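Me: Please walk me through this structure. I would like to learn how to read its features.
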Amino acid sequence: MAVEKFPVEASHIMMFARSVGDDNQIYYDDEYAKTTEPGTVIAPPTFAQSSAQFDPDYFLRPKIGEPWFGSGGQPTGITRSASGGGGGGGGGLHAEQHFEYHRHVKPGDVLTASVGPGKTWEKEGKRSGKLVFSETVTEYRDQNGELVITARGVGVRTERPVDQ
Amino acid sequence: MALKADDLNVGDTYSECLVEDLKRTQIVQYAGASGDYNPLHTDEIFTVEVAKYPSVFAHGMLTMGMTGGMLTNYVGDGRLTKYGVRFTSQVWPGDTLNSTATVESLQDGLVNLVVETTNQHGVKVLSGYAQARID
């Protein structure tokens, strides 16, 4: 996802840490954070993923005035052609995620994210039919243009829902 | 509290229980914080009736995030240099997850870890690696 401006904020870090059940006070308390090795609040390791909040086109967020495929009065708000069951219109599943940390981001950083080309490949799956994998490589840079995180994600579209 | 090379041996392990009886509300919380509002994670009606899964299920990134907490508790704040995973099975409401980091190798101020998270049935839901700076 390409993002022009991802301001890293303390309250967002706090909410993110809560959501992953991480009670490490470095994510909540700037006074405590001063006593830690980084000496400041930092973001948890997978926080960069929440750059989705700052991607104007992110398709897994309801947008004002646009149809949304989740349920309302009906099980889905959008009628789609039956193309690939597994994603259920949800854009497939997340297969892999990799992060390389050049430094750990902190409140006050303003990041950009640029997406480079990635590979695509196919595989026959036992539990969900044909699998189509696609990779994206995202570079997060700070306000000085320095590379802070390199992220590589792999998504998969399944032919049908994964057998349970 | 960083790890010290002198105290580490290949094969050492560190484990934590990440969550017991995962609640749908925590998945909603993660959707809100991360910005990933895919209804597959929060909208039971859509997920069962349209997507044809037995129920909503956790974002892979929620499992990776919870596992990341185990890792930073082990290696210390701001010490990770790499962290990557494959999502090998879905995580459902009600699941209890345990996660383990195992020392795979030590080199020049770095430790390489094998990371694995399993559910209450012993099924691996996440498998990956991490690298951290050590003293």
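Reply: Start where the buried residues of H1(A) pack against helix H1 (24-34) of chain B. Two residues are in contact if their C-beta atoms, placed from the backbone, lie within 7 Å. Helices (H or I, at least four residues) and strands (E, at least two) are DSSP runs, numbered from the N terminus. This is a predicted model: local features need pLDDT of at least 70, side-chain atom pairs count only at pLDDT 80 or more, and totals for chains, interfaces and linings use all residues. Residues are numbered from 1 along each chain as its sequence is written, while chains are lettered from A and ligands numbered from 1 in the order in which they are written.

Me: Which residues of helix H1 of chain A are buried?
Reply: An α-helix has 3.6 residues a turn, so residues three or four places apart point the same way. In H1 (residues 10-19) of chain A, the buried ones are A:Ile13, A:Phe16, A:Ala17 and A:Ser19. Buried means 20 or more other C-beta atoms within 10 Å of a residue's own, with C-beta atoms placed from the backbone.

Me: Why are they on the same side of H1(A)?
Reply: Because they cover an arc of only 160° around the axis. The arc is that of the directions from the helix axis to the C-beta atoms.

Me: How many residues of chain B are in contact with chain A?
Reply: 46 residues of chain B touch 46 of chain A. H4(B) gives the most to that side of chain B, with 11 residues.

Me: How do S2 of chain A and S2(B) run?
Reply: Two strands pair if DSSP finds at least two bridges between them. Here 5 bridges join S2 (residues 93-101) of chain A to S2(B), and the strands run antiparallel. A:Phe99 stands opposite B:Tyr83 in S2(B).

Methods: A residue is buried if 20 or more other C-beta atoms lie within 10 Å of its own, exposed if 12 or fewer, and partly exposed in between; C-beta atoms are placed from the backbone.
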